[in-house]
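Colleague: I am new to this one. Could you put it on the screen and take me through it?

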Amino acid sequence: MNSSEKQEVGPAPCKRTKFLSLVLEPVQWLQMLSSQLHSSFIFGIVLVYGLCQGFSGSFFKVVTDYYWKDVQKVQPSTVQIYIGLYYLPWVMKPIWGIFTDAFPIKGYHRRPYFVIAGVLGLVSALIVALLGKLPIALALTCLIGITGGMAIADVVIDACIARNSIETRALAPDMQSLCAFCSGAGSLIGYSSSGFFVHHLGHQGALGILAIPPTLLIVLGFVIYETRATSHHFEKKKAIESVIFTMKGMCKSIKLPQVWKPSLYMFLSFAVSISTHEGQFYWSTDPKAGPAFSQEFVGVIYALGAVASIIGVLIYHKTLKDYPYRNLLFFAQLLYGISGMLDLIFILRWNLALGIPDSFFVITEQCVSHIVSRLRWIPMIVLSTRLCPRGIEGTFFALLMCIDILGSLISKWGGGIVLHLLHVTRTDYRNLWLVILIRNVLRFATLGLIFLVPKGNHSNELIPMDLLRKNSDTITDDEGMRLLSINETNAD
């Protein structure tokens, strides 16, 4: 009897143990990363990617959409042009990268630039939130200032990530998974709360919430670990030499076929897929032409999309991170084109003919598109980190991201032009389906460029490790430009 009782109760503790192990796995993963990389570096990733990019980026997206639509009353095609201008600070990432690599402040290459990014974002957010209705030019300048703070912080933390990806190659996918997970979690919170704050604080007052993340960036600048440069006074001549070395290194690196080919693919994959977001947003919130989604429900839609993004990160991290880049990006792009057809079905209201409610269909579409977007984006980022030569990894990674962001800018402006040419306005959406169809065809066309992507995976060496070694030893190592891992700190 005792043995039978043991057999009956045995599986229950086993299930509890499995559940507990599943719950503790993310914690153990973070502990592993913190043991291999400095804990303040992990905190920096969580803050920059989770709060600044994830939360602020998602909150900014929803609130500014309503701001332009209901406060400034701008046409959707014009808003797409304005949104393209948001990308200008991101296109300038190589410049920020040169500053952080070549011009330290008080001997530090990273910490002061977190503070600068925080001050820029804080001042811009407070101006647009507190000074009432602003002229369009001033409002646009402040919104660009907010994205500028995000861009500078992103460059600084990406420089740290690129350095650690080079030195701890096996953890490169884990670092990108952490970035993507934090971004997804932050987006979930930002989207979930955006509709509530827009409804209760107004379209402009809600922008004041965006002052919180820059404030924490200022704090990060004082607490993140970084070794100080050996020279307390950074000579002007040495700074110029460092900039010249960086520029030459970037030119030498980008000329390598294994660098410019995947960079060209990533640029075209973004640029060719024109953006139709503003046209779809205006239509979905229109009480006459569209389903007239409320502010709260729009936030819920985006929030569930953020959850789907996290699922996409988990799928990549658990099952796909060791697959070759070319295979991953081919199937991701194929799914990207297929998922875009869901937008076409929704705009043409075929979902209603099939008996599927708008709310259920749009949530399904958002979840599918966000999962696919993550599966497409993360391999590109991992690949980009593997293309960075040692010594200028901060600036060069910023250059690669700039190329991608320039593609996104062209996508926004191209979408705005197509919306304008096909006469999609605040009240006329008859040709919106055609714009989306054109976008989807262009997504499929990108598959013809997949040969530009290398066949290797994250464990393969894509560029020579000593590409710039002869010069980098004399310029970067003496100046303490990197955030050290704990293992290196202990070794010293």
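Colleague: Is Phe-222 buried or exposed?

Modeller: Phe-222 counts as exposed because its relative accessibility is 58%. Exposed means over 50% relative accessible area, buried means under 20%, and partly exposed is in between (1.4 Å probe, protein chains only). This is a predicted model, in which local features need pLDDT of at least 70 and side-chain atom pairs count only at pLDDT 80 or more, while totals for chains, interfaces and linings use all residues. Residues are numbered from 1 along each chain as its sequence is written, and side-chain values use heavy atoms, with hydrogens and water left out.

Colleague: Where does Phe-222 lie?

Modeller: Phe-222 lies in helix α10; helices are DSSP runs (H or I, at least four residues), numbered from the N terminus. Helix α10, residues 212–223, supplies 5 residues of a nonpolar patch, its largest share.

Colleague: Which residues form that patch on the surface?

Modeller: They are Phe-43, Ile-212, Leu-216, Val-219, Phe-222 and Val-223, with about 560 Å² of accessible area together. Areas come from the Shrake-Rupley method with a 1.4 Å probe, and for residues only the protein chains shown count as cover.

Colleague: Turning to the inside, how many residues has the largest nonpolar core?

Modeller: That core has 61 residues, and Trp-68, Ile-146 and Leu-432 have the most contacts inside it. Its largest share, 9 residues, comes from helix α3 (residues 39–71). A nonpolar core is a set of buried Ala, Val, Leu, Ile, Met, Phe, Trp, Tyr and Cys residues joined through side-chain atoms within 4.5 Å.

Colleague: And what does Trp-68 touch?

Modeller: Leaving aside residues up to four places away in sequence, the residues touched by Trp-68 include Val-79, Tyr-82 and Tyr-282. Contact means heavy atoms within 4.5 Å.

Colleague: What about Trp-413, and where does it lie?

Modeller: Trp-413 lies in helix α18 (residues 393–421) and is partly exposed, at 29% relative accessible area. Trp-413 is 334 residues from Val-79 in sequence, yet their C-alpha atoms are 9.6 Å apart. With residues up to four places away not counted, Trp-413 touches Gln-80, Ile-81, Gly-84 and Leu-85.

Colleague: Lastly, how many helices and strands are there?

Modeller: The protein chain has 21 helices and 0 strands.

Methods. Patches are made of residues with over 30% relative accessible area and no salt bridge: like charges are joined within 9 Å, nonpolar side chains (Val, Leu, Ile, Met, Phe, Trp, Tyr) within 5 Å. A salt bridge is a side-chain nitrogen of Lys or Arg within 4 Å of a carboxyl oxygen of Asp or Glu. Helices (H or I, at least four residues) and strands (E, at least two) are DSSP runs, numbered from the N terminus.
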